[in-house]
Structure formats: C-alpha cells, structure tokens
Amino acid sequence: MSEVICPDNELIEITPENLLNKVMEMKRQGLRLSQACAAVVNEKYELSYSFAQEGTYRYITLRLVIDTSVEIPSITEFYPYAFLYENEMKELFGVKIKLINLDYNDKLYRIKEETPFLKKKEEQ
C-alpha cells in the first residue's frame, strides 16, 4: 500500500464561472501550477488544474466537469506557461478554451486525426 505523503491535499470542484477567481487565489497564495490535464468521463470533460506549494508535497487541484460544448477561459494571464497545457487540451481533446495567450491553433502536435482523445459518437 502506498504511503500518503501529504494528507492536506485538496480536490476542489468548481464551475467555469469561478475558474479565473480560483486560479487568481492560487497565484496570490504563491502556489505554482504543476499540471493541467483533460479527460473524457461519461461524455463530459473533466479538467484538472493542480497547484503545488513550494517546499512541501501539498497540492490543491481545481476540477471542472463540463459539457463538451462549454467554453472556458484561459488561465495564461496568471500562469503564462499554461499555454502548453491548454493547447494540448484543446488539440487532443477538443476543449474549447478562449484567449490562450499563445494559441497554436491545433498545430502543437503533428497528428493526422483531429481531437484523437475525444471519442466520436459512433465509437461510444
């Protein structure tokens, strides 16, 4: 059995409307963006943004569960390097993210298939 290194880790479910406020709160606390990722669960996007506290193993993860048609704002205003995560979520999963500071317009990867990790209706 694996050891729990930091029992203070948090998972906070949020809505698209409060994403930027929560991200700004993480920035004010001095947390760094450690990762952002997308998954498709039950025909919805599950987006996770994990923030780490320096010098500890404490993580706070913001989680959004949204319909695939919902558009969310970019967090690159607060964490400029998030453009890589957001371009990946957009290109591989089809997540609708507006105002990415450095938007590769679906040209981050050299892939033949559009949104390869988003199951098409006929595949489900």
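**Exercise 1. Is E43 buried, partly exposed or exposed, and what is its relative accessible area?**

*Solution.* Begin with the cut-offs: a residue is buried under 20% relative accessible area, exposed over 50%, and partly exposed in between, with a 1.4 Å probe and protein chains only. E43 has a relative accessible area of 48%, so it counts as partly exposed. The model is predicted, so that local features need pLDDT of at least 70 and side-chain atom pairs count only at pLDDT 80 or more, while totals for chains, interfaces and linings use all residues. Residues are numbered from 1 along each chain as its sequence is written, and side-chain values use heavy atoms, with hydrogens and water left out.

N42 is exposed, because its relative accessible area is 71%. Finally, turn to the backbone. Most residues other than glycine have a negative phi. E43, however, has a positive phi of about 65 degrees although it is not a glycine, and the phi of N42 is likewise positive, near 55 degrees.

**Exercise 2. Describe the overall make-up of the protein and the confidence of the prediction.**

*Solution.* Take the secondary structure as a start, with helices (H or I, at least four residues) and strands (E, at least two) defined as DSSP runs numbered from the N terminus. The protein has 2 helices and 6 strands, which follow one another along the sequence in the pattern β-α-β-β-β-β-α-β.

Then consider the confidence, given as pLDDT, the predictor's confidence in each residue from 0 to 100. The mean pLDDT of the protein is 88, and 90% of its residues reach 70 or more.

Of the 124 residues, 36% count as buried, and the accessible surface (Shrake-Rupley method, 1.4 Å probe) comes to about 8000 Å², of which 50% belongs to carbon and sulfur atoms. A contact means heavy atoms within 4.5 Å; among the contacts with a separation of 6 or more, 53% join residues 24 or more positions apart.

**Exercise 3. Work out how the open sheet is arranged and where the helices lie upon its strands.**

*Solution.* Recall that strands of a sheet pair through backbone hydrogen bonds, either parallel or antiparallel. Here two strands pair if DSSP finds at least two bridges between them. By this criterion 4 strands form an open sheet in the order β1-β4-β3-β2, with mixed pairing. The edge strands are β1 (10–14) and β2, each of which pairs on one side only, and the twist averages 20 degrees from one strand to the next.

Look now at one pair: β2 and β3 are antiparallel and pair over 9 bridges, and the bridge partner of A39 is E46 in β3.

For the helices, axes are lines fitted to C-alpha atoms, for helices over the stretch in contact, and angles run from 0 to 180 degrees between N-to-C directions. α1 lies across β1, β3 and β4 and runs at about 170 degrees to β4, whereas α2 lies across β2 and β3 and runs at about 10 degrees to β2.

**Exercise 4. Identify the largest nonpolar core and follow two of its residues, Y49 and V95.**

*Solution.* A nonpolar core is a set of buried Ala, Val, Leu, Ile, Met, Phe, Trp, Tyr and Cys residues joined through side-chain atoms within 4.5 Å. The largest one has 28 residues, and those with the most contacts inside it are L47, Y49, F51, I72 and V95. At least two core residues come from each of α1 (19–28), β2 (32–41), β3 (44–52), β4 (59–67) and α2 (82–93), and α2 gives the most, with 5 residues.

Follow Y49 first: leaving aside residues up to four places away in sequence, Y49 touches a set of residues including L19, L33, I60, L62, I72 and M89.

V95 has its place in the loop between α2 and β6 (96–98), and counts as buried because its relative accessibility is 1%. Beyond residues up to four places away in sequence, V95 touches A38, Y45, L47, I72, M89 and K90. V95 and L47 are 48 residues apart along the chain, and their C-alpha atoms are separated by 9.1 Å.

**Exercise 5. Locate N105 and list its contacts.**

*Solution.* N105 lies in the segment after β6 and is exposed, because its relative accessible area is 51%. Not counting residues up to four places away in sequence, N105 touches N87 and K90. N105 and E91 are 14 residues apart in sequence and 7.8 Å apart in space, C-alpha to C-alpha.
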